[in-house]
Amino acid sequence: VTLIRREDYVAPIFWIRTVDLTFDLDPAKTLVTSKMQLERNAAVPHGPLRLHGEELNLLRVLINGESVSFRQEGHELIIDNVPDADFVLEIRNTCCPDKNTALSGLYTSGGGFFTQCEAEGFRRITYFLDRPDVMAVYTVTLRADKSRFPVLLSNGNLLDTADLDNGRHMAKWHDPFPKPSYLFALVAGDLVAREQRIRTRAGKDHLLQVYVRRGDLEKTEHAMNSLIASVVWDEARFNLPLDLERFMVVGVSDFNMGAMENKGLNIFNTSALLASPATATDADFQRIESIVAHEYFHNWTGNRVTCRDWFQLSLKEGLTVFRDQEFSMDMAATPSARAVCRIQDVRALRSMQFPEDAGAMAHPVRPDVYAEINNFYTPTVYEKGSEVVRMYQTLVGREGFGKGMALYFERHDGQAVTCDDFAQAIADANPGSELSKRLDTFKRWYSQAGTPRLQARGQYDAAARTYTLSLQQVNPPSPGQPDKLPQVIPVALGLLSRDGAALPLQLDGEAQAAGTDRVLVLDSAEQSFVFVNVDSAPVPSLLRGFSAPVVLDDGLGDEELLVLLKHDSDAFNRWEASQRLALSRLLTSVRNGQPLRLDDAYLDAMRAVLRHPDLDPAFKALALQLPDEAYIAEQLTVVDPQAIHAAVTQAQEQLAAALQADWAWAFETHQVSGGYQPDPVQSGKRALTNLALSMLVLHATRSGDGVWPGRAYQRFKDATNMTDRMGALSALVQAHAALAEPALERFHAQFKGEALVIDKWFALQGRATELDGKTFARVKQLAKHSDFTLKNPNRARSLIFSLCMFNPAAFHRTDAAGYVFWAEQVLALDAINPQVAGRLARVMDRWTTLATPYRSAAREAIARVAAKAELSNDVREIIDRQLA
Ligand code: BAL
Ligand code: ZN
């Protein structure tokens, strides 16, 4: 595969200033006519015009109305003789939307036309300078059969519509904002829209529309509400208004990503858009709110200011994830609900991004090299990128960050820029800040891969009444980066007395204490901080709110963790203490190969959390959940997935048994009354009752008692919302209760016509705890189910990814059958949809840490995939890295 390097960036030789596109839409063969105004870039040496194009049939090329000679080499159309002066280039080509199973470019889904152009899909529609630093003003004419495709949409404002001959009609759209080709979109189909007119703070009127297939309209209310809330929030928090008269959102069932931020015409995977209480869970509602917000926020962070090249992807993605996370926290409103958001984000970061950062595909937030950019839409670029943005805010303060954002837009509106430009704007808006003092060191977060290890040790001197906190950082080697330099690590902290009081924090040399909560900045390999006037040996609460994406080793034992669990004013660290108490026990059992026995100290602490009069149910549910198996695996140098699973299962069973009466109490006392609302209060109660129910059913099933399984089945049948229905069904399935089978059958029959719910049905079975190989056998069976297809990414993910990515104990088998299955599925998917296949290939990123016999079997499976001659770039790059 050809590698593309960040250091090789050169500005384009030509600019495309305007483009006039006409589409004669036909599923089998669509005719595209493109008229572009080009201009030489005076800043770079002359050269031929090289346009990108893939899977296209070229019909003609004209310059200033005259035909011109050209060459085609690989995926490039090369024109050697172009005028020096500005010129008009006209290209005509066809493409085949019906055959486009890769879902990149122009494709059909459910009888309609849709596009996905990020990152490099536009070149599958027509020949173009398909790179984000070429920004043009688009005018788009769509022509199609009126009865089959009554709705014709593209970016911007609708200029004109008309009926044509032969039952066809046309619509003409104009987007006044220059944009890169990856933000182009068109939609044509038989769709209906929920509409809402809003007046923004600036006094302007806007039309918001959510387009879906007939029958799905009632499932768009939540998305519309989320969109309105996003518009209001971005104006209030960052002064960023909606800049278009019309803002459209469209749902499509075949989609590679969650959604796409095309200018004024966001296209959504239906899984990230449609929700009703009967078909979507609380988690779905929450995810939809955050993705609708994410795409809307891209309108400024991504669209008005875009990326110069794809290495800068985190410029828009890290920043926009940060913005959507902040939005979700603000929507959650109460401090406790905010903490729950933060805990969920960090949990996801640690179970998805930390393994990536330690594995074969480890890359910096701003990568230096790629073969296929689609492989770099990763947790590192997105979630770690967001943590980096969060650290800016921590270092310059919330207000300072707002100023930095304002300066960023003042400088760069309408431009395609780099992560350095962003960093500079935040720093320049905050002279003298902790960030500006060490901007170059801070920027190592963009260039160094890997998760830094932060070691903290405290020493109390009773005579001097001082507490010395020594911090040390090490960042282990990553592929291609054997040696790392120290990074800037903001350490938010507090000190607690043993009885839980928050101690004043006064550093040596300071005249007085600065509150009980502050941020230390570590920017070298080792640094010590001396606190004075400390009355007793404190318990440190470090990295509050997870103030940096690092692995913390603070050396705290049970006794200190119990103090934090009971008293820390920082809810995140309270949760963290609960997880560490569990983790140390799980790891001891796994490392020693001994059965796990949960001790009374731990069980009493968990009981106290569960029974706590003031803690929120949502928080309790998170604190009582055990760390997930992927996160446990990350703590080990040699990973035996079966040993981890055994320990987790034992812990779960003991937690279920020892707290049985408490679970029953929690279940009975947290029932939701009144109509369904996906708000934090109700969803917190549902999370806790569903966790309690799963514990009760687990314990009952293990001890041969039928009462709770029976109640769960009844609840499953009678549930008035999907969260409770899934909760009860999942409790039965995860416990392997006898009633799981009839419940699964009933569920399938009840939701036959609801694709997104059938996805849940597959996913639940794909993620079911392994018991004597039954789960794996069932997944293989389900892969032949008449409802199953690899062609729909949601469906492929629901079954295959659930097993391979989220069910380690069912996947990692001593007979290697899981790996063989993986190889088959990667190859089958690759022939259909390389992007999705690439994602599935990632499952083996961490194969080198596996214990015998998994390791050698995994290698063999990877080699099997590698041996296939015609692999996509996507899969080839990942496999190459895994075998490097
Ligand atoms: N830009 C790709 C989809 C997203 O991150 O919003
Ligand atoms: Zn995004």
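These legends describe close-up views of a predicted model.

**View 1. The zinc ion (ligand 2) and its protein donors.** Three residues supply the donors: His-294 through NE2, His-298 through NE2 and Glu-317 through OE. They lie 1.9 to 2.1 Å from the metal. Along the chain, the donors follow the spacing H-x3-H-x18-E. His-298 belongs to helix α2 (residues 282-298), and Glu-317 to helix α3 (residues 313-332). This pair is 19 residues apart and links distant parts of the chain. Both His-298 and Glu-317 are buried.

**View 2. The aromatic pair Tyr-377 and Tyr-382.** The structure holds 38 aromatic pairs, counted over the whole model. In this one, the ring centres are 6.4 Å apart. The planes meet at 50 degrees, so the pair is tilted. Tyr-377 and Tyr-382 are both buried.

**View 3. The aromatic pair Tyr-392 and Phe-442.** This pair is also tilted, with 55 degrees between the planes. Centre to centre, the rings are 4.7 Å apart. Tyr-392 sits in helix α5 (residues 379-412), whereas Phe-442 sits in helix α7 (residues 439-442). Tyr-392 has a relative accessible area of 0%, so it is buried. Phe-442 is buried too, because its relative accessible area is 1%.

**View 4. Lys-263 over the ring of Phe-177.** The charged end of the lysine is 4.2 Å from the ring centre of Phe-177.

**View 5. Arg-767 over the face of Phe-806.** Arg-767 lies at 4.2 Å from the centre of the Phe-806 ring.

Methods: Residues are numbered from 1 along each chain as its sequence is written. Chains are lettered from A and ligands numbered from 1 in the order in which they are written. This is a predicted model: local features need pLDDT of at least 70, side-chain atom pairs count only at pLDDT 80 or more; totals for chains, interfaces and linings use all residues. Side-chain values use heavy atoms; hydrogens and water are left out. Donors are N, O and S atoms within 2.8 Å of the metal (3.2 Å for Na, K and Ca); water is not among the atoms, so sites may look incomplete. Helices (H or I, at least four residues) and strands (E, at least two) are DSSP runs, numbered from the N terminus. Buried means under 20% relative accessible area, exposed over 50%, partly exposed in between (1.4 Å probe, protein chains only). Rings of Phe, Tyr and Trp (its six-membered ring) pair if their centres lie within 6.5 Å; planes under 30 degrees apart count as stacked, over 60 as edge-to-face and the rest as tilted. A charge sits over a ring if NZ of Lys or CZ of Arg is within 6 Å of the ring centre and within 35 degrees of the ring normal.
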